[in-house]
Amino acid sequence: MRLHDIFSKKHRNFLRRQTEGEPISPSGLAWQRFKRNRLAVASLFVILLFALVAILGYLITPDHTPDCNQQYLELATQKPFSKATFVCLRTPDNTVERRNLFSRMISGQPLEYTAIPVYSFEYFGDSLRYETYTGSTPNDSEQHVCHKKDVVKIAKRTFVLGTDSYGRDLLSQIMIGSRVSLSVGFIAIAIALLIGITLGAIAAYYGRWVDNLIMWLINVVWSIPTVLLVIAITFALGKGFWQVFVAVGLTMWVDIARVVRGQVFSIKEKEFVEATRALGYSTFRTIFRHILPNIAGSVIVIAASNFASAILLEAGLSFLGIGVQPPTPSWGAMVKENYGYILLDNAYLALLPGAAIMVIVLAFMLLGNGIRDALDIKSK
């Protein structure tokens, strides 16, 4: 059966349920409208793909070492799909332990041998003679000889996206960089939702001086440029992986608080809210069990938009050198390290991480628009 026939059949079943009077939940109607938005569905698949790469991490990267930081200076700025041959030698007193699957997925696995890029090699008897790779033409290097038992393996490797100025695999750097970008989005939005929903709901529900106080705080934070506020918080907390996440989250709650405040104002006088007061429910239960679920759609839409903004902020901070610190891969830091190659033949070193930022941000923006349209009861 063709894909078109499957979707047509589902659409006919959906129309049949409507005409026969079979009840369809609001979430089911929203999901039907969302699936008809091809850009939103494609964006969701792109985000899920990036998330899968970020979760699997070092298990699927060509470079399995921590932070994908295995450097081969002889192989610096190699073109995409360039190939290299390595002689892998045992290291004396090797104390590297083999990590379990979960540890390798999260932190990577240090090399258990020394990998040497070679230009040529040959066996003779129980020995191996090899000439190290220098990257020059002709390859002017010394001949080395080692015993055959010291050789772990002869490995051939293809750098799909080439190497950076330090000889690191660019594809591995971009793949692990997605972990930083998505992490900063999730953690920053979690912090922003916690602060924004709480303050916005309390301000609208209680009103009067509580609303005035919280709105004064919102206006003060709103008046400060976001980038400058993030930089100030980063300097206060220090440079690091978690510090930048907290700094971004502490600056993105204002939008959420304003939206939540407006939505709660519009429904706090509804009959079902009055019923909760009449039944003697606590303020906490009324707000978080009865009011907030009715504004979840608006919160989801603005959260998707702020997710994209958080990724851009993190990339900007890393570009300025005050975000995630090396050797942890970050798309913003990769653009910073390689933007000098834009005018040279190796412009892809900066353009590829920049393109990754563009794609993930665009995907979240289109997803947010799709969710907004799907939750709009006036849309057809």
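The model is predicted, so local features require pLDDT of at least 70 and side-chain atom pairs count only at pLDDT 80 or more, while totals for chains, interfaces and linings use all residues. Residues are numbered from 1 along each chain as its sequence is written, and side-chain values use heavy atoms, with hydrogens and water left out.

Five strands form an open sheet in the order β4-β3-β2-β1-β5, with antiparallel pairing. Strands are DSSP runs of E with at least two residues, helices are runs of H or I with at least four, and both are numbered from the N terminus; two strands pair if DSSP finds at least two bridges between them. At the edges lie β4 (143-147) and β5 (151-159), each of which pairs on one side only. Strand β3 (residues 127-132) runs antiparallel to β4 and is joined to it by five bridges. Within these two strands, Ser-127 stands opposite His-147 in β4.

Six salt bridges are found in the whole structure, a salt bridge being a side-chain nitrogen of Lys or Arg within 4 Å of a carboxyl oxygen of Asp or Glu. In one of them, Asp-211 and Arg-261 have their closest N and O atoms 2.7 Å apart. This pair links distant parts of the chain, with Asp-211 in helix α6 (residues 208-223) and Arg-261 in helix α9 (residues 253-267), 50 residues apart. Asp-211 is buried, with a relative accessible area of 7%; buried means under 20%, exposed over 50%, and partly exposed in between, for a 1.4 Å probe and protein chains only. Asp-164, Arg-168 and Glu-337 are linked in a network of salt bridges.
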